[in-house]
Number of protein chains: 2
Amino acid sequence: MAREAKNSGSPRKAGPVSRPAAHSSEAVDDYLKAIFWLSGPEERRVASNEIAAYLRITTASVTNMLQKLAAARPPLVSYQKHHGVQLADPGKLRAREIVRHHRLVETFLHDVLGYAWDEVHQEAERLEHFISEKFEERIAAKMGNPQFDPHGHAIPALDGSMPQVEQMTVHQLPVRQRARVVSVSDKDPEMLRYLAAQGIGPGTLLTVMEYLPFAGPYRVRIGRNKSEVLLSLPLTQAVYVAPAE
Amino acid sequence: MAREAKNSGSPRKAGPVSRPAAHSSEAVDDYLKAIFWLSGPEERRVASNEIAAYLRITTASVTNMLQKLAAARPPLVSYQKHHGVQLADPGKLRAREIVRHHRLVETFLHDVLGYAWDEVHQEAERLEHFISEKFEERIAAKMGNPQFDPHGHAIPALDGSMPQVEQMTVHQLPVRQRARVVSVSDKDPEMLRYLAAQGIGPGTLLTVMEYLPFAGPYRVRIGRNKSEVLLSLPLTQAVYVAPAE
DNA sequence: GGCAGAAATTAGTTATACCTAATATTATGA
DNA sequence: TCATAATATTAGGTATAACTAATTTCTGCC
Ligand SMILES: [Mn+2]
Ligand SMILES: [Mn+2]
Ligand SMILES: [Mn+2]
Ligand SMILES: [Mn+2]
């Protein structure tokens with residue numbers, strides 16, 4: 001992908017390209033997404049450090065890319081040497097668009113193509129960069145513009161807006177406080193398979209009955225008062241819930 | 001995409017990668033496809049020249065890449081300096097796999113997502129490189145393992161085999177010889193829209209009534225003896241037919 | 001057989017995006 | 001306050017895959 005530099009004359013592929021704006025590269029997309037997640041809802045500055053760990057690359061590479069993102073016109077990030085970055089508006093918009101792509105694709109793979117919920121993340125992680133606006137629009141339409149992906153994550157709207165859902169992890173949930181599962185981390189397929197086997201997914205009602213000292217496990221009642229399961233600390237941190245009235 | 005070179009230590013993305021073989025790059029895929037098409041059914045050697053024109057890049061770039069493809073282990077092409085290339089078996093297999101991806105994706109976009117037949121090629125041209133084997137398998141299954149794409153092109157089987165259909169262009173069709181449209185070139189969206197408007201697509205019965213000297217136009221009867229249309233030389237070369245019994 | 005022109009290759013450059021190693025800056029705690 | 005540890009930046013290098021310009025090889029024709 002070393003084209004479109006000085007090469008305004010002849011695009012490498014034939015056919016009229018409808019997309020007007022120059023698309024950001026996969027690498028740029030991934031940095032924007034990383035900053036988006038790491039900066040959190042309060043949109044705090046993110047250290048090169050954190051980005052490097054998140055993307056599993058060196059801090060030198062990160063510094064390099066941050067300088068490019070800041071030098072882009074319009075700038076995608078606001079960058080201050082030695083003091084981290086923040087997404088500028090264009091960068092934030094692009095990050096949210098990629099998140100929309102990711103979650104729509106996940107939902108599509110799950111609902112339309114019958115993928116298991118632990119299989120969708122990996123494929124979406126790649127495809128999110130390469131689908132067109134038309135593809136996005138068509139799969140969204142086919143599924144009736146879904147609001148949530150298979151893991152319970154909210155799908156950003158076309159304008160980038162994302163409903164902020166009030167939520168905490170099971171780890172943070174007080175004992176005996178009944179709660180409903182909002183979403184589950186999609187990063188670890190094994191964890192997802194295990195949770196599914198325990199009957200835990202978005203919508204599941206649960207109550208922490210007891211947590212044992214020194215990092216659990218947690219004894220959790222599923223549903224009204226049916227079964228009980230034991231969840232390790234990592235599992236309780238991967239399940240997000242909202243207290244039920 | 002400058003990873004996976006000396007970088008055996010830490011893959012850039014988290015998560016266990018199920019794909020075992022190192023995937024070829026988009027550029028490599030495109031070269032293999034170009035050689036595949038240019039060498040034709042008789043699999044003749046292809047000149048750097050032709051590849052450069054087909055991919056709209058310089059011959060220097062082509063020479064460079066051909067040397068890499070030949071140096072790969074196992075070699076993807078058989079290359080002799082100044083005497084063009086031929087696909088080696090691994091290259092041929094990969095080329096056919098990409099063609100399978102392309103045509104399955106086109107069919108999926110058309111049949112499942114409701115794309116018009118002039119819109120599918122561009123999107124498939126990109127996605128063919130990035131879908132997984134699972135995605136391929138799932139869309140194929142969802143559509144009942146289709147044999148042909150929306151333009152009438154045969155979809156290679158999983159083992160790479162492609163039925164060789166007997167066909168000629170309308171340009172080559174003798175006058176008054178009734179024929180059935182097998183396939184239509186998918187490269188030019190405008191042409192596809194025009195042909196669709198004339199009622200011409202895979203399966204259409206037609207007869208050349210007359211061709212006027214000096215590059216046409218051709219007077220062509222559509223169906224049994226309903227309407228007649230005029231087709232320019234480029235159009236008659238874009239429509240492939242098989243004589244009807 | 002030799003020569004001109006076409007085709008291909010080599011050489012050197014650019015851009016992206018990674019890397020390691022060396023250096024600089026910032027933050028902390030004695 | 002100031003030395004040291006943690007962070008970040010710079011400098012220099014690699015690989016991919018394009019480019020232009022210079023050079024070489026091949027081919028067809030006289
Ligand atoms: Mn989009
Ligand atoms: Mn998800
Ligand atoms: Mn495949
Ligand atoms: Mn086609």
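Which residues are the protein donors of the manganese ion (ligand 2)? They are A:Glu106 (OE), A:Asp149 (OD), A:His151 (ND1) and A:Asp186 (OD), which lie 2.2 to 2.6 Å from the ion. Donors here are N, O and S atoms within 2.8 Å of the metal (3.2 Å for Na, K and Ca), and water is not among the atoms, so sites may look incomplete.

The model is predicted: local features need pLDDT of at least 70 and side-chain atom pairs count only at pLDDT 80 or more, while totals for chains, interfaces and linings use all residues. Residues are numbered from 1 along each chain as its sequence is written, chains are lettered from A and ligands numbered from 1 in the order in which they are written, and side-chain values use heavy atoms, with hydrogens and water left out.

Along the chain, the donor residues of the manganese ion (ligand 2) show the spacing E-x42-D-x1-H-x34-D. Two of them link distant parts of chain A: A:His151 belongs to the loop between helix 6 and strand 3 (168–169), and A:Asp186 to the loop between strand 4 (178–184) and helix 7 (189–197), 35 residues apart. Helices (H or I, at least four residues) and strands (E, at least two) are DSSP runs, numbered from the N terminus. A:His151 is buried, with a relative accessible area of 0%, and A:Asp186 is buried as well, at 8%. Buried means under 20% relative accessible area, exposed over 50%, and partly exposed in between (1.4 Å probe, protein chains only).

Chain B holds a site for the manganese ion (ligand 4), coordinated by B:Glu106 (OE), B:Asp149 (OD), B:His151 (ND1) and B:Asp186 (OD) at 2.2 to 2.6 Å. The donor spacing for ligand 4 is E-x42-D-x1-H-x34-D.

The manganese ion (ligand 1) is coordinated in chain A by A:Glu97 (OE), A:His101 (NE2), A:Glu133 (OE), A:Glu133 (OE) and A:Glu136 (OE), at 2.0 to 2.5 Å. The spacing of its donors is E-x3-H-x31-E-x2-E. Here A:His101 in helix 4 (residues 89–111) and A:Glu136 in helix 6 (residues 133–142) are 35 residues apart and link distant parts of the chain. A:His101 is buried, with a relative accessible area of 1%, and A:Glu136 is buried at 2%.

A:Glu123 counts as buried at 4% relative accessibility. Its side chain makes a polar contact with the side chain of B:Ser132 (2.5 Å). A polar contact is a pair of N or O atoms within 3.5 Å; within protein, one must be able to donate a hydrogen and the other to accept it, and residues adjacent in sequence count only if both atoms are side-chain atoms.

Strand 5 (residues 205–211) of chain A is mostly covered, five of its seven residues being buried. Strand 5 pairs with strand 4 of chain A in the antiparallel sense over three bridges, and A:Leu206 is the bridge partner of A:Ala179. Five bridges also join strand 5 to strand 6 (residues 218–222) of chain A, and these two run antiparallel. Two strands pair if DSSP finds at least two bridges between them.

In chain B, B:Phe214 lies in the loop between strand 5 (205–211) and strand 6 (218–222). B:Phe214 is exposed, with a relative accessible area of 83%.
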